[in-house]
Amino acid sequence: MNRFEGSGSREAKIKYLDGDFQIVANGSYVTCAMTGQQIPVDELRYWSVARQEPYVDAAASLEADKIAGILPNQKRPTA
């Protein structure tokens, strides 16, 4: 990268921490692990520390947790 190139179109490399994240390699976005959508780094709000994955929104995060099997089983109401 020369001095005139920014990180505008590169994917950032991020270490996901509890309640925060650390940028390891500069970039303007990360890719949602569930949807493949690009998430601007300044809009990143959802991620998994355990799986080190970013998510575009809460629904994608919930779906990832379901797939990973870490949500408790919910009992269905009986009639």
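Student: Is Ile70 buried or exposed in this model?

Tutor: In this model, which is a predicted one, Ile70 has a relative accessibility of 53% and therefore counts as exposed, since the label is given to residues over 50%.

Student: Okay, and where does Ile70 lie?

Tutor: Ile70 lies in the segment after helix 1, and together with Leu62 and Leu71 it forms a nonpolar patch on the surface. The accessible area of Leu62, Ile70 and Leu71 together is about 250 Å².

Student: Switching to charges now: how many salt bridges does the count come to?

Tutor: The count comes to two salt bridges. As background, side chains of opposite charge can pair when their charged atoms come close. In one of the two, Arg51 is bridged to Glu53, with 3.4 Å between the closest N and O atoms, and in the other Arg51 is bridged to Asp65, where the closest N and O atoms are 2.7 Å apart.

Student: Where in the chain do Arg51 and Asp65 sit?

Tutor: Arg51 is in the loop between strand 5 (46–48) and strand 6 (53–55), whereas Asp65 is in helix 1 (residues 58–68), so that the pair, 14 residues apart, links distant parts of the chain.

Student: Is Asp65 buried or exposed, then?

Tutor: Asp65 counts as buried, because its relative accessibility is 17% and the cut-off for buried is under 20%. Arg51, at 25% relative accessibility, counts as partly exposed, and Glu53 is partly exposed as well, with a relative accessible area of 24%.

Student: What joins Arg51, Glu53 and Asp65 into one network?

Tutor: They are joined by salt bridges that share partners.

Student: New topic, strand 1. Which residues are on its covered face?

Tutor: In strand 1 (residues 13–17), Ile14 and Tyr16 make up the covered face, while Lys13, Lys15 and Leu17 make up the uncovered one. In general, the side chains of a regular strand alternate between the two faces of the sheet.

Student: How many bridges join strand 1 to strand 2, and do they run parallel or antiparallel?

Tutor: Strand 1 and strand 2 (residues 20–25) run antiparallel and are joined by five bridges, and within this pairing Ile14 stands opposite Ile23 of strand 2. The two strands form a hairpin that has two residues between them, and Gly19 in the turn has a positive phi of about 75°.

Student: What about aromatic pairs, how many does the count come to?

Tutor: The count comes to two aromatic pairs. For Phe21 and Trp47, the ring centres are 5.3 Å apart and the planes stand at 90°, so this pair is edge-to-face. Phe21 in strand 2 and Trp47 in strand 5 are 26 residues apart, and their pair links distant parts of the chain.

Student: Which residues do the ring pairs link into a cluster?

Tutor: The cluster consists of Tyr16, Phe21 and Trp47. Tyr16 also belongs to the covered face of strand 1, while Phe21 is partly exposed, with a relative accessible area of 21%.

Student: Last one: where is Arg10, and what lies 3.3 Å from a polar atom of its side chain?

Tutor: Arg10 lies in the segment before strand 1, and the backbone oxygen of Asn26 is what lies 3.3 Å from a polar atom of the Arg10 side chain. Arg10 counts as partly exposed because its relative accessibility is 38%. Arg10 and Tyr29 are 19 residues apart along the chain, and their C-alpha atoms are separated by 6.9 Å.

Key. Residues are numbered from 1 along each chain as its sequence is written. This is a predicted model: local features need pLDDT of at least 70, side-chain atom pairs count only at pLDDT 80 or more; totals for chains, interfaces and linings use all residues. Side-chain values use heavy atoms; hydrogens and water are left out. A salt bridge is a side-chain nitrogen of Lys or Arg within 4 Å of a carboxyl oxygen of Asp or Glu. Buried means under 20% relative accessible area, exposed over 50%, partly exposed in between (1.4 Å probe, protein chains only). Helices (H or I, at least four residues) and strands (E, at least two) are DSSP runs, numbered from the N terminus. Patches are made of residues with over 30% relative accessible area and no salt bridge: like charges are joined within 9 Å, nonpolar side chains (Val, Leu, Ile, Met, Phe, Trp, Tyr) within 5 Å. Accessible areas come from the Shrake-Rupley method with a 1.4 Å probe; for residues, only the protein chains shown count as cover. Two strands pair if DSSP finds at least two bridges between them. Rings of Phe, Tyr and Trp (its six-membered ring) pair if their centres lie within 6.5 Å; planes under 30 degrees apart count as stacked, over 60 as edge-to-face and the rest as tilted. A polar contact is a pair of N or O atoms within 3.5 Å; within protein, one must be able to donate a hydrogen and the other to accept it, and residues adjacent in sequence count only if both atoms are side-chain atoms.
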